[in-house]
Amino acid sequence: MAQVRSSITETFSITDGGALHWLLVRLGHAGSERKLVLRRAFAGVLITWLPLFILSLLQGTAWSREINIPFLRDLAVNVRLLVAVPILIVAESRIDRRWKTLVYEFLKSELVNEETLQSFEAVLWRTIRWRDSVLPEALMAAASILPSIFFVKTELLMTGVSNWHNTGPGAVSPAGWWFNLVCTPIFRFLLLRWLWRMFLWTSLLWSASRLKLFLVATHTDLAAGLGFLSEGQRAFSPIVFAGGAVIAAEVGNAVVLQGQTLSALKFPMIIYGILATLFLVVPLLVVAPVLLKVKRKALLEYGAQVTIHNQLFHRKWIENGHPPGETLLGNPDASSLGDLGASFAVVRQMHIVPIDKPTLLTLAISAALPMLPVVLYAMHAPELIRMLKMLT
């Protein structure tokens, strides 16, 4: 069967749409070229971090010893704006290219044929309509700015210590207002937009997996031919790293600048690592019912074939039903018996969630890696040496 062709499949994109994207198109800043991507990331830093630096300089809190947390020593804010925000912007082009490859793989691997192509394209068109809808981004913008208007509290782990956010008890500084009304909403919006895109991808997988795909239970990827979807989740490692960096920096502030202990703050780091990994597996869970159905059906079908073949083999070679002079060595009966048994073994090992250990490991490392410097800093030297000895 020849591979089907589809123009929408070859040009499909989840990130190239929405009100903000079209605004960037009008301004000439949209595109996946490296120069344009870096320009957008640099613009994010100019809008968020640079005004805070200038305002804190003017108010004398950029590196003041008179307050507990001056701006340049605020790990949480600097990591969030200089590391996390650029990553959330730069990762768009990489993840979108991976999504395009995975969508095209449905055709390339002939999971979608002429019979199901129209339905598959309908799924893509619906995803594009949702992507281009103005309402979701309007709701995300409202959800990003409203908390900053009604709640002036700026940082979760700053428990009453003097910092660059304030000019006095209960008085927010100009830098604090910029952080609260501009920087924080931008960061929230970037996060919410990634959640929206993850929802679009999950919805696409849900609908596509319900089509009449040519899934084969004996596929060696142990996912009936859908094992390639795991690569899509691995592409999210930069997003996981950015989130881990933000959590680690918040904990770092509390440990380095406020004297809190790591043991009292370990739960946010542990919970983030677990939830981030599980959350990125959710899109693959939606295809689990389909793969479970394929596996159950294949176990019955291949099991019946194995039973029949084993019975015939037994009658012929064990009960001496083979022709005189015919030997088992090199006989195709034994070869087919082994091939059929191997196929049945693959079916039994088939996963109902198309994710592999390297993907889970990559996501876990991406979540944990930013937290390593904080852990090493907070640990006492004897305890660290003892841990190293245990590892060696």
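Ile14, Thr15, Gly17, Arg131, Glu137, Arg193, Trp196, Arg197 and Leu200 form the lining of the largest cavity. The model is predicted, so that local features require pLDDT of at least 70 and side-chain atom pairs pLDDT 80 or more, whereas totals for chains, interfaces and linings use all residues. Residues are numbered from 1 along each chain as its sequence is written, and side-chain values rest on heavy atoms, with hydrogens and water left out.

A cavity is defined on a 1 Å grid over the protein atoms alone as a set of points where a 1.4 Å probe fits but cannot get out, and lining residues have an atom within 4 Å of a point. The structure holds one cavity of 30 Å³ or more, and the volume of the largest cavity is about 50 Å³. Volumes are the space filled by probe spheres set on the grid points, which are joined across faces, edges and corners. Helix H7 (174-209) gives the most to this lining, with four residues. Helices are DSSP runs (H or I, at least four residues), numbered from the N terminus. By residue class, the lining of the largest cavity comprises three nonpolar, two polar and four charged residues. Here Ala, Val, Leu, Ile, Met, Phe, Trp, Tyr, Cys and Pro count as nonpolar, Asp, Glu, Lys and Arg as charged, and the others, Gly among them, as polar.

A pocket, by contrast, is an open set of points with protein on both sides within 12 Å along at least five of seven lines. The second largest pocket has a volume of about 480 Å³. Its lining consists of 19 residues, of which Leu20, Leu24, Arg40, Ile47 and Ile89 are the closest to the centre. At least two lining residues are supplied by each of helix H2 (19-27), helix H3 (34-58), H4, helix H6 (134-150) and H7. Twelve residues of this lining are nonpolar, three are polar and four are charged.

Ile47 also belongs to a nonpolar surface patch of about 650 Å², made together with Phe42, Leu46, Leu50, Ile54, Leu58 and Trp178. Patches are made of residues with over 30% relative accessible area and no salt bridge; nonpolar side chains (Val, Leu, Ile, Met, Phe, Trp, Tyr) are joined within 5 Å, and areas come from the Shrake-Rupley method with a 1.4 Å probe, only the protein chains shown counting as cover for residues. H3 provides the largest share of the patch, six residues. Leu46, located in helix H3, is partly exposed at 36% relative accessibility. Residues are termed buried under 20% relative accessible area, exposed over 50%, and partly exposed in between (1.4 Å probe, protein chains only).

Side chains of opposite charge can pair when their charged atoms come close. With a salt bridge taken as a side-chain nitrogen of Lys or Arg within 4 Å of a carboxyl oxygen of Asp or Glu, the count comes to eleven salt bridges. In one of them, Glu250 pairs with Arg80, with 2.6 Å between the closest N and O atoms. Glu250 lies in helix H9 (residues 237-257) and Arg80 in helix H4 (residues 75-108), so the pair ties together parts that are 170 residues apart in sequence. Glu250 and Arg80 are both buried.

Helix H4 also contains Arg98, whose partner Glu231 lies in helix H8 (residues 230-234), 133 residues apart. The N to O distance in the salt bridge between Arg98 and Glu231 is 3.6 Å. Arg98 is partly exposed at 26% relative accessibility, and Glu231 is partly exposed with a relative accessible area of 31%. A network of salt bridges links Arg98, Glu231, Arg234 and Asp356. A further salt bridge joins Lys212 and Glu115 at 3.9 Å, N to O. Lys212 is in the loop between H7 and H8 and Glu115 in helix H5 (residues 114-132), the two being 97 residues apart. Lys212 and Glu115 are both exposed.

The loop between H7 and H8 also holds Leu222 and Ala224. Phi of Leu222 is near 60°, a positive value in a residue other than glycine, and phi of Ala224 is likewise near 60°. Leu222 is buried at 18% relative accessibility, as is Ala224 at 1%.

Key:
Patch = residues over 30% accessible without salt bridge, like charges linked within 9 Å, V, L, I, M, F, W, Y side chains within 5 Å.
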